[in-house]
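Thanks for coming. I will walk through one structure, and it is shown here before I start.

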Amino acid sequence: MSFPLLTATAVLPAVGAIATAAVPAARRTAAKWLALLFSLATLALAVLVLVRFEPGGARYQLTESHAWIADFGVRYELGVDGIGVALLALTALLIPFVILAGWHDADPLEDARPNRRWRPTQGFFALILMVEAMVILSFEATDVFLFYILFEAMLIPMYFLIGGFGDRAHAGGDEAAATQRSYAAVKFLLYNLVGGLIMLAAVIGLYVVAGTFSLSEIVAARADGSLSMATGTERWLFLGFFFAFAVKAPLWPLHTWLPNAMGEATAPVAVLITAVVDKVGTFAMLRFCLGLFPEASTWATPAILVLALISIVYGALLAVGQRDIKRLIAYASISHFGFIIMGIFAMTSQGQSGATLYMVNHGISTAALMLVAGFLISRRGSRLIADYGGVQKVAPVLAGTFLIGGLATLSLPGLSPFVSEFLVLVGTFSRYPVVGVIATVGIVLAALYVLVLYQRTMTGPVKDAVRTMPDLRIRELVVVTPLIALLLFLGVYPKPLTEIVNPAVEHTMSDVQKTDPKPEVEAAP
Amino acid sequence: MENLIALLVAAPLIGAAVLLCGGRRLDRAGHWLGTLLAAASFVIGVVLFSDMLGRSADDRSLHQHLFSWVPVEGFRADIAFQLDQLSMTFVLLITGVGTLIHLYSIGYMEHDERRRRFFGYLNLFLAAMLILVLADNYLLLYLGWEGVGLASYLLIGFWQHKPSAATAAKKAFLVNRVGDMGLSIAIMLMFTTFGTFAFGPVFAATGDASEGKLTAIGLMLLLAACGKSAQVPLQSWLGDAMEGPTPVSALIHAATMVTAGVYLITRSSAVFNAAPDAQLVVVVVGAVTLLFGAIVGCAKDDIKKALAGSTMSQIGYMILAAGLGPIGYVFAIMHLVTHGFFKAGLFLGAGSVMHGMNDEVDMRKYGGLRTYMPVTFVTFGLGYLAIIGFPGLSGFFSKDKIIEAAFAKGGTEGWILGAVTLLGAGITAFYMTRVMLMTFFGEKRWQPDAKGDAPHPHESPRSMTIPMIVLAVGSVFAGGFFSLGDRFLHWLEPVTGHDHGDAPLSAGVITGATMVVLVIGVAVAWLMYGRASVPVAPPRGSLLTRAARRDLLQDDFNHVVLVRGGEHLTRSLVYMDHTLVDGVVNGTAASFGGLSGRLRKLQNGYARTYAVSMFGGTAVLIAATLLMRAV
């Protein structure tokens, strides 16, 4: 038996989580370094997965399969396709930056009484690694039940990360901060829990109909006709799965937990939510909704496209109206998730390749913007846009990196989000021209909320409160520079990514039995 | 030889990267590095040009494929360049004028502590603009298109501590984004119609596409052009863009970037030629903007804003000419080049005047400067004569050709367009004479500045006057040089095609008529601003004057409808999201105090519920599967 590489990518951060949690209270710094080390080792394993993965090879590679709960047909089955590999790599890539950016976020307050059992720092980093382990495994699971368990289980560490750790200073004082935090954490849990429970019903239903949890078996059986579902059954099961994923993604009108969660959590945890955990939702739409229920997916497409379109425009408009930096970025993410879902359900090669690239690029660009915003907030102790002004003059590097993160968010050509956004638009337009045209409004609105944010915080006369603000420190530069370099590289040369993703998208397209619309005139090559 | 094309772009791109990431170390030499790399790009351009001249007219297109940019099933975009006569013309204009303006900026920005960054942005602009004109497909063109928009944003807002500059920068980017929407829809339409958006294949296949599709593509391209070239209805940003340092106004907002719309339409001639309805709209937009800009230019007292109105108007001429189809393409580009010389020169002259006048921009506070700034006066004066179309100078040749082409359109349309272009020529003569008289003639109306310092006008340093002299030479001779033996026509014809149309009037009659309106325009301006004295406080003015001072109320319209309307919309949506969609009112921090106890209880409750539901769910699942086995 060969080395279980995929299992290792999940086990390593899990072990890291336990090890970090076990570090004694006094050795906070050691715990941080340990967590960073494990996240980097995981990244190294993820790179190994990338190297071993053959883009043109079998659909699922590096597969592992073991009986787990034999009586109920539950197996421990792993395997990655191009889409899974891309997201696995994204997750492994972002976690070290999340850890490094949150280096001081969980330090105990100076006036806190020394307490041997009080170890918030250890807990913070252990929880982050725990989330990483679960998210990575969920990108690898090809057994529906295994996926469901992970999909639900990752809520627990996330809940504690949102509810337990927040920004240092809060406009309403510590009491209000704690209240709003726990409110946000509960809301996060409640929304996702309801989604999960509905999915559970659908998971059971699927087992009743198919008699197995194995994704590949069900997809194969559906393709060769040996498993047929009644139209009504398939649609109900689809809706059960889709609902859970739409909450997590999040799709309008199930989005309202996200601004609360991202606003109250610390910036690195906000990145964890929107750049990593939420991607499981859109990933699962591609893998499970389209793979298991191709006909129902086609049936539901018009309604989903409308909701995605509303998300795009509505999220952007609300971002324009925000006064809180982190909530603004949260609403911008809602708009971007609208693009991703639109690309998935446009059912074209460009749309789905674009959606997959979008997941990766959005992860990087939001991380860049949000983490710099976090650095800014930690300096001034306020999330309100109105409390800033003229930062560009005192901290030009901070302002410059914030602008680049913002330009990536508005999909400026030359930075990687442009490639994915344009592919999604083209892919949608070629099948649904009206939807595609309306979605381009998002291009204008994105420029509006990004530039307004930049103008109000960074330009103008220097406000007294920011006059002594230091520029980015070395640790912060180490976080931001690689992300920006990646945005530039993938903006000009996304080929390494598209090569991995394209074959997987071809498989998905054949799952739903769709072919791209032909151009009106075949131009000479 | 084709391998040099990428170097054209690479030189300024490297400059931008080094200057923007290099840090303070480069503060002392950064401006020279930026200028040197711009000059290097120009030299490469000249080498490529001389090579191109050495080949026959139909064998002048070079192609360089670097790598595949976005390879996705059914979708292909390349990083690939194409250098033909049209892009060559632009390359020389961009790098030539660009180098001169880099040189000028060394003196102009001497006392700015962020000069290095300024040069980084200028280099970035050159690189993006070169990508725009060298791209061999629309998606890469889009990259350059937004790249110049970014550079323009950064440079308009260069003095970001001024709120007006930051606002103007944002406005320029946003208005341009509306245009970009048009460009992206045009590309999507090309993709669904032709399966590609590379120049060659699209232009070859236009014959097979339906006219409706081509009209739609044409109109969307026009929307893009309106944004970048400040044409009605997307013109409102250009006047505000004058907040940027004057060399920026000269390079980006007069000579090069704002003419990108003309390039886009001329480049897409195959699409427009097959879509007469779209062409008609192009012509109308050009004609309306031509008059709009001219009228605004007459009313502004700010020297840069008066010149900005003039730029709009002159680009209106070019757009109009491009809309005429093969009759006008060549002349649109010819006017674009001569305009590049004289308008850049005029702006640099204005900058030199401001430099000597404590950064005053109000022409009512100038007057009598000709003896104090002789070089500026002479070079500005030559640019002035060129733009009004004084016989023998550049503008005379290029504008006259556009007026002839407008008449040659034929029919009623031709008469209307001809009349509009003639009228525009008259107004141009009026407002430019006004600028000239208010600045350099009449009595001194100098006022002390905000700090109480009286201005001591003086000639600018050599690094500023040399570029002005070079551009003045271009303003005088370029037009004649291009027209001698129809040189420019023969040069561009292989790319754009040419058609003489049928002129209802002889060229001599049209030139005569142009001279008549020119003399009238100059005479009226002289009566109002030369013979009569100019009051320092602006008179109330007629209704039209007052409207024109406010950019013909376009900004007021935008403010009421878009800004206010948008604010109300977002505010009510935010409210709705909190109450309706969320269903939970957050309220103030105070009310949270009351809620907190209950919430805390709830929180514990939910956590427990959650755990229970996990177990419960799994239990149900197990029970169900057991049941299935049993059955």
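I begin with B:P233, which sits in the loop between α8 (211-228) and α9 (237-240) of chain B. Helices here are DSSP runs of H or I with at least four residues, strands are runs of E with at least two, and both are numbered from the N terminus. The peptide bond from B:V232 to B:P233 is cis, with omega near 10 degrees.

Before going on, how this was made: it is a predicted model, where local features need pLDDT of at least 70 and side-chain atom pairs count only at pLDDT 80 or more, while totals for chains, interfaces and linings use all residues. Residues are numbered from 1 along each chain as its sequence is written, chains are lettered from A and ligands numbered from 1 in the order in which they are written, and side-chain values use heavy atoms, with hydrogens and water left out.

Chain A has a cis bond as well, from A:A249 to A:P250, with omega near -15 degrees. A:P250 is in the loop between α9 (231-248) and α10 (257-264) of chain A. Another point on the backbone is A:L62, in strand β1 (residues 61-69) of chain A; its phi is near 55 degrees, positive although the residue is not glycine. For background, most residues other than glycine have a negative phi, and most peptide bonds are trans.

Now the interface. How many residues does the contact take from chain B and from chain A? It takes 79 from chain B and 91 from chain A, contact meaning heavy atoms within 4.5 Å. The area buried between the chains is about 7,400 Å², and carbon and sulfur atoms give 71% of that. Buried area is the accessible area (1.4 Å probe) that two parts lose on being put together, summed over both.

Across the interface of chain B and chain A there are two salt bridges, each a side-chain nitrogen of Lys or Arg within 4 Å of a carboxyl oxygen of Asp or Glu. A:E520 forms a salt bridge with B:K213, where the closest N and O atoms are 2.6 Å apart. On the side of chain B that touches chain A, elements supplying at least two residues each include β1 (62-72), α5 (138-156) and α24 (589-630). The largest share of that side, 21 residues, comes from α24(B).

Last, chain A overall: 21 helices and two strands. Its C-alpha trace spans about 70 × 55 × 40 Å along the principal axes.
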